[in-house]
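My notes follow in the order I took them.

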Amino acid sequence: MPTTPKPATPSIVRQQQEILARLPFSDRQDFEDATRGLIARREPNAVRGDDGAVLWDNDTYGFLDGEAPETVNPSLWRQSQLAAIDGLFEVVPGVYQVRGLDLSNTTLIEGDEGVIVIDTLLSVETAAAALALYREHRGDRPVKAVVYTHSHADHYGGTRGFVSPDDVESGRVRIFAPEGFVEHAVAENVFAGVAMNRRAAYMYGAALARGPRGQVGAGLGQTISTGEVSFVPPTDTVSETGHQVVVDGVRMVFQMAPGTEAPAEMLIYLPDLKALCAAEDATHTLHNLLTLRGAVVRDPHAWSHYLTETIDLFGADIEVVFASHHWPVWGRERVLTFLGNQRDLYGYLHDQTLRMLNKGMTGPEIAEEITLPPVLENAWNARGYYGSVSHNVKAVYQRYLGWFDGNPAHLWEHPPVERAERYVALGGGAEAVVAQARAAFEAGDFRWAAELGNHVVFAQPDHSAARDLLADTYEQLGYGSENGTWRDFYLSGATELRDGRFGTPTETNAPDVIAHLSPEILFDALAIQVDGPKAWDENLSIDIVLTDTGTRYRLRLANGVLTYSSAPQRGDADATVTGTRALLPVLASGAVSPDDLARAGVRISGDASVLGRLTAVLDPGDKNFAIVTP
């Protein structure tokens, strides 16, 4: 039986009241924009899988009505109300968006005969529901093209809900993507995919109950769907700003923006409609420079530069901007103000962090010191609902200077458990530290209460009083968070302390993604599964021969490292594995025993036992690893 959440404490209630008094809640323009052009809603707006499991249910956010309760930051409550508005919307005649069917939006641009789809949601099932909603009200137009704005799964994962691989292979449908899309999309979900997905479960509150004391939204959208993630590779790669194409009578001009919100990203301007798709580079929130699920740190300097370029390229004629999340902005002056604020937001965080770190300040110090200019502080689209000033500043510091702050005391610290044991002993034992944490909690100093409670839990994981107090502390921190993902992280931590681990509801390293691994990425994916110490004494070699591509690779395991080469090799390998590219997903699964490979139609020659020796040293990730406990 899940533990019943507790009410907000007086200090949190006071904080919520202060926010209500400080921010411009009387400004209702966003609500007008978020409902403008509504054609129809799905009722009910739930999507189920073939087995009847609920994969998406936006109706569970029906509680987002009226004034914010004491357990939700009123600014986040407002953002969640906006993000939960769902349906099919007309942006301008010929451009339609389906919003509220996943974390992201999908956009359909009508051409002479069919439609062009920009971004396809995360899941096949939600994508199919979006297409059905569009066709119910706009007619059964065929999909002529798909455009991936960038390499994150919630923008390509639903593609099979719009088109089939046969549509693409036959040439009936073209798929456009920015240069580097495939490499980044696949690598991100394979190399660190297990850890990212586990942390994403915290970030999006996937296992939390929805309600005023639970998950209310993630800031960028409400949450992620939990259906099938597909991957259909692009047919057309875009590599230059200014590149134009005409598909089904629709003219598109591309602007490259690599290294911004994603390693491979591009914006799309529709000159005949005076409409800009800003991808995910200009949304109604401060975005992440380092997402809490984990990623490579993004470049705010480039981000700001590309938005300046956007204004320079398209600002003279633009009349509307829409993105892959949130709602559009209409009117040239409002669009330019919106784009300018977003540009200045990322530029300010970059420049001021560099200014302060060059004065010797560390990331946490800068995060406490920095303040936004009044215009940005009071612009709703610059509030930290998904990214935050605090963790973005630390990301900029990390991008330039790394994890070490220069203080030698931080050069060789004890790991968490050992450090916790020493701090608990220093504090007079677990009971004394818990008492200090409780006093901090009662005083509303939840950050200090969390630090003390965390030390006790890591020193003595079964200490029930420490677990309960730490869960209560995380809960209050969640209630006070303006950032949707901070709230989700805190409440997910409280949930696991009280009720146990909930695992990983959504996985983006899906079979369709794995099936499109290049041989090189696949071998790298195997290499990171090798248990180094266990493989220290192994020395083996395997040739992989792909008959349909005419390529040959030599894999070598020695010194606990799996390496590979496509160059001609001297001598024979211990074993040779021969088959088509279809054998790559089998290898990626770690199923490299002779029986597994034989079932996949693969021929083996030489010493087949080396395959078992390789399998024996593979150590796949843990999809349910501990986060708030050791």
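**Caveat.** I am working with a predicted model.

**Surface tryptophan.** I began with Trp412. Its relative accessibility is 82%, so I logged Trp412 as exposed. I found Trp412 in the loop between α12 (389-401) and α13 (416-426). Trp403, Leu411 and Trp412 make a nonpolar surface patch of about 520 Å².

**Salt bridges.** I counted next. The structure holds 27 salt bridges. I picked out a few pairs.

I looked up Asp472 and Lys6. Their side chains form a salt bridge, N to O at 2.9 Å. Asp472 sits in helix α16 (residues 464-480) and Lys6 in the segment before α1 (10-22), so this pair ties together parts 466 residues apart in sequence. Asp472 has a relative accessible area of 14%, so I noted it as buried. Lys6 comes out at 37%, so I noted it as partly exposed. Lys6, Asp472, Glu475 and Arg498 are linked in a network of salt bridges.

I turned to Arg554 and Asp543. Their closest N and O atoms are 2.3 Å apart, in a salt bridge. Arg554 is in strand β18 and Asp543 in strand β17 (residues 539-546), so the pair ties together parts 11 residues apart in sequence. I checked burial for both. Arg554 is buried, and Asp543 is buried too.

I also looked at Asp344 and Arg343. They form a salt bridge with the closest N and O atoms 3.0 Å apart. Asp344 is partly exposed at 35% relative accessibility. Arg343 is partly exposed as well, with a relative accessible area of 23%.

Which side chain of opposite charge is nearest to Asp281? I got Arg298, 8.3 Å away. I placed Asp281 in the loop between β14 (275-277) and α8 (300-314). I looked for polar atoms around its side chain. The backbone nitrogen of Glu261 lies 3.4 Å from a polar atom of that side chain. Beyond four places in sequence, Asp281 touches Ala257, Thr260, Glu261, Glu265, Leu267, Trp303, Leu307, Gln342 and Tyr346.

**A buried glutamine.** Is Gln222 buried or exposed? Its relative accessible area is 2%, so I recorded Gln222 as buried. Gln222 belongs to the loop between α7 (193-203) and β10 (236-238). A polar atom of the Gln222 side chain is 3.1 Å from the backbone oxygen of Val216. I listed contacts, leaving out neighbours within four places in sequence. Among them are Trp56, Asn58, Tyr61, Leu103 and Gln215.

**A buried histidine.** I moved on to His326. It has 4% relative accessibility, so I marked His326 as buried. His326 lies in the loop between β15 (320-322) and β16 (329-330). I examined what its side chain reaches. The backbone oxygen of Gly219 is 2.9 Å from a polar atom of the His326 side chain. The backbone nitrogen of His284 is reached by the His326 side chain at 3.0 Å. Leaving aside neighbours within four places in sequence, the contacts of His326 include Gln79, Gln97, Arg99, Asn105 and Thr283. I also compared sequence and space. His326 and Ala83 are 243 residues apart in sequence, yet their C-alpha atoms are 6.2 Å apart. Ala83 turned up again in my Gln222 list, as one of its contacts.

**Backbone checks.** I finished with the peptide geometry. Where is the cis bond to Pro44? It runs from Glu43 to Pro44, with omega near -5 degrees. Pro44 is in the loop between β1 (38-40) and β2 (46-48).

I looked up two non-glycine residues with positive phi. Lys274 has phi near 55 degrees. It falls in the loop between β13 (266-270) and β14. Its relative accessibility is 38%, so I noted Lys274 as partly exposed. Asn559 also has phi near 55 degrees. Asn559 is in the loop between β18 (551-558) and β19 (561-565). With a relative accessible area of 64%, Asn559 is exposed.

Methods
Residues numbered from 1 in each chain as written. Predicted model: local features only at pLDDT ≥ 70, side-chain atom pairs only at ≥ 80, totals over all residues. Heavy atoms only, no water. Patch = residues over 30% accessible without salt bridge, like charges linked within 9 Å, V, L, I, M, F, W, Y side chains within 5 Å. Areas by Shrake-Rupley, 256 points an atom, 1.4 Å probe, with all protein chains shown as cover. Salt bridge = Lys/Arg side-chain N within 4 Å of Asp/Glu carboxyl O. Helix = DSSP H or I, 4+ residues; strand = E, 2+ residues; numbered from the N terminus. Buried < 20%, exposed > 50% of the residue type's maximum accessible area, 1.4 Å probe, protein only. Lys, Arg positive; Asp, Glu negative; His and termini not counted. Polar contact = N/O pair within 3.5 Å; in protein donor to acceptor, adjacent residues only side chain to side chain. Contact = heavy atoms within 4.5 Å.
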